[in-house]
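Visitor: I have a protein model open and would like to learn how to read it. Could you take me through it?

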Amino acid sequence: AAAFLWPRLRQLADPFLLPSMRIAVERLLQARQCDEPIVIFGDYDVDGVTSSALLLEVLRPLGWRTQCYLPHRLDEGYGLSQGSVENCLAQLPTTLLLAVDCGSTAVAPIASLRQRGVDVIVLDHHQVSSPAPPATALVNPRLAASCSSGNAANSSAPFEELCSVGLAFKLAHALLKRARETGIPGAADFDLRPLLDLVALGTIADMVPLTGENRILASVGLERLNTTQR
């Protein structure tokens, strides 16, 4: 009852319990070390836009060369379609694409990107296709139950109900942990809490259940929204 009535950030689970989170973080750290450009391929709804904005506000100040591409709702449609990927790469050439709020069913486009030497990290909460797309890392809470089988503490509902901006916050948290361990300049003093207004906005707009970790992120994020200067 106390956890429900007074949600606190310290109640959030370790972000590295999410499927493929460690792989995603290590690939992003490798990109920073090599000064490799990253393109965030988002979605045009509130969850996708807030996810993309949050990641830009974390990656750029910490030294990543990062650009963002949002597909046009009418001209390109939803997700990592072959056409939208071609448009994205024509404008923003890259060897690492971070697909946010999409990509869980983009088997053919991601396979094509891999053949062209482009790694893809998928950060998404939608249903995963069968077979799953051949992404470098597929961070999707729908895979959490199978990845944590045999350990009841790790298979709790919050992992399965996070939307993409919640996942973006968890990725930022995991990345910041490793950045501090490896001594990346600025990481020690970087504060993720001011970004929780974006997390609340995307979580509520995407209409995911406001229970578990979503309740924590929305509650604390709404407090930030009351004082934000955005």
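Predicted model: local features only at pLDDT ≥ 70, side-chain atom pairs only at ≥ 80, totals over all residues.

Guide: Residues are numbered from 1 along each chain as its sequence is written, and side-chain values use heavy atoms, with hydrogens and water left out.

Visitor: How many helices and strands are there in the protein?

Guide: Helices (H or I, at least four residues) and strands (E, at least two) are DSSP runs, numbered from the N terminus. This protein has 10 helices and 5 strands.

Visitor: What order do the strands of the sheet have?

Guide: Two strands pair if DSSP finds at least two bridges between them. Here the 5 strands form an open sheet in the order β2-β1-β3-β4-β5, with parallel pairing. Because β2 (66–69) and β5 (137–139) each have a single partner strand, they stand at the edges, and one side of each lacks a neighbour in the sheet. Between β4 (residues 119–123) and β5 there are 3 bridges, and I121 has A137 as its bridge partner in β5.

Visitor: Which peptide bond is cis, and which residue has a positive phi although it is not a glycine?

Guide: Most residues other than glycine have a negative phi, and most peptide bonds are trans. The bond from S130 to P131 is cis, with omega near 5°; P131 sits in the loop between β4 and β5. D101 has a positive phi of about 70°, and D101 lies in the loop between β3 and α5 (107–115).

Visitor: What volume does the largest pocket have, and which residues line the pocket?

Guide: On a 1 Å grid over the protein atoms alone, a pocket is an open set of points where a 1.4 Å probe fits, with protein on both sides within 12 Å along at least five of seven lines; lining residues have an atom within 4 Å of a point. Grid points are joined across faces, edges and corners, and a volume is the space filled by probe spheres set on the points. The largest pocket has a volume of about 210 Å³, and its lining includes L9, F169, H173 and R180.
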